[in-house]
Amino acid sequence: MKLARIHGPNDLRVDEVPEPKLGPDDVVLDVAACGICGSDVGYVRMGGVQGPTDSPMPIGHELAGTVAAIGENCEGLVKVGDRVALHPGAAGFGLGNGGPEGGFARRLLVRGASANRSLFALPDDMPFSIAALAEPLGVGMHAVDQSEACQGDKVAVLGAGPIGLSAIATLADRGIEDVISIDLSETRLDVARKLGAAHTVNPGKEDLWEALGRIHGTSKLHWMDLVNTNVFIEATGVGPVLSDVIARCAAGSRISVVALHRTPVPVDFMAVLTKEITIRGSIEYPEDFREMIQLLSRRDLAPMITHRFGMDDFMAAFDVAKAPDAGAKVMIEFN
């Protein structure tokens, strides 16, 4: 079968590999849909999670599919034909741990499925491509949880990639209405509006802080000119943006950092101190993976999927995923 693997920095290939062998604690899935994640793009650029590895590294972790085979210790947990979404962290497959599995393949071995923490049932009427959004939705949802955003807050979501868009969908689902989506891509900002953003700002066309001040208002504290935006979800990974947020946010602001900042970011701790800012990292999912499936049942997140490809066109799909202005989620679908 075909499997997408990293062989070195900027060396991504679709290899022919044997089909997985089932163990007593394992489940084999027929993958129906798998989304290309921004982390996949980063891993390819570096040649691995932190750099090149001794052996090819499979990628693909945002997926849903059908149970094709079950090990003897998994009987009673799932059955052949069940429609499921995968919790990749609980499954512990190939996601930065050197394992042999990756979701960009027709069949996927889910090791240790007998622990009953990695596979979650889907509604019969939920398309697999929508179900595959559960994983990125969980990342965005946890970022919202970390921000403690609530009704009445003035929220800015920095970055309208799939994680920022997932945060916007979560905020809208919770009735938080005063949300601004910020991105350089008009395509992604259009998706953000469809998912519930009340306002959008393109910093390439207008000054970000003037726009936030116009929409949310301004204030002054001691020597600092501030905007009244009091919740920020940082999903860009651009260090100067985060530094500016710390300098310009409202007193008492809460900042949730969900982007990968691979280089150190200067922090003005005098501003943190004076304004009593809370800064929290966000890298996990909500405790119950079913929360994402339930939200996907309540709200239409289909606009997030801007491109669909078959596995035969995987390399072309990956080229789209690397282009920031091309769209939002690129989905690989298996017939």
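1. How many of the twelve residues of H5 are buried? Ten of the twelve are buried, so helix H5 is largely enclosed by the rest of the structure, where buried means under 20% relative accessible area, exposed means over 50%, and partly exposed lies in between, with a 1.4 Å probe and protein chains only. Among the buried residues of H5 are Pro162, Gly164, Leu165 and Leu171. Helices (H or I, at least four residues) and strands (E, at least two) are DSSP runs numbered from the N terminus.

2. This is a predicted model, in which local features need pLDDT of at least 70 and side-chain atom pairs count only at pLDDT 80 or more, while totals for chains, interfaces and linings use all residues. Residues are numbered from 1 along each chain as its sequence is written, and side-chain values use heavy atoms, with hydrogens and water left out.

3. At 1.5 Å a residue, the twelve residues of H5 should span 16 Å, and the end C-alpha atoms are 16 Å apart, which agrees. Just after H5, glycine 175 takes a positive phi of about 75°.

4. The largest nonpolar core has 45 residues, and Leu165, Leu171 and Leu301 are those with the most contacts inside it; such a core is a set of buried Ala, Val, Leu, Ile, Met, Phe, Trp, Tyr and Cys residues joined through side-chain atoms within 4.5 Å. The elements that give two or more residues to this core include helix H4 (134–147), strand E9 (155–158), helix H5 (162–173) and strand E14 (231–234). H4 gives the most to this core, with six residues. Leucine 171 touches Val144, Ala149, Val155, Val157, Ile176, Val179 and Ile233, not counting residues up to four places away in sequence, and contact here means heavy atoms within 4.5 Å. A second, separate core of 33 residues includes Leu29, Val67, Cys74 and Ala91.

5. Of its 14 residues, 13 are buried, so H4 is largely enclosed by the rest of the structure. From its first C-alpha to its last H4 reaches 20 Å, close to the 20 Å expected at 1.5 Å a residue. Aspartate 145 has its place in helix H4 and is partly exposed, with a relative accessible area of 29%. Leaving aside neighbours within four places in sequence, aspartate 145 is in contact with Arg174 and Pro286. H4 is followed by glutamate 148, whose phi is positive, near 55°.

6. Strand E14 pairs with two other strands, and two strands pair if DSSP finds at least two bridges between them. Four bridges join E9 to E14, which run parallel, and alanine 156 stands opposite phenylalanine 232 in E14. Four bridges also join E14 to strand E15 (residues 254–257), again running parallel, with glutamate 234 opposite valine 257 in E15. In a regular strand the side chains alternate between the two faces of the sheet. Val231 and Ile233 point one way from E14, Phe232 and Glu234 point the other way, and all are buried.

7. Elsewhere, three strands form an open sheet in the order E2-E1-E4, with antiparallel pairing. Its edge strands are strand E2 (11–16) and strand E4 (57–58), each of which pairs on one side only. Strand E1 (residues 2–8) and E4 pair over two bridges, and isoleucine 6 stands opposite methionine 57 in E4.

8. The count of aromatic pairs comes to five, where rings of Phe, Tyr and Trp (its six-membered ring) pair if their centres lie within 6.5 Å, and planes under 30 degrees apart count as stacked, over 60 as edge-to-face and the rest as tilted. The rings of phenylalanine 104 and phenylalanine 314 have their centres 4.9 Å apart and their planes at 50°, so the pair is tilted. Phenylalanine 104 lies in the loop between helix H2 (88–91) and strand E7 (107–110) and phenylalanine 314 in helix H11 (residues 314–322), so the pair ties together parts that are 210 residues apart in sequence. Both phenylalanine 104 and phenylalanine 314 are buried, and ring pairs link Phe104, Phe314 and Phe318 into a cluster.

Technical notes:
Expected span 1.5 Å × (residues − 1).
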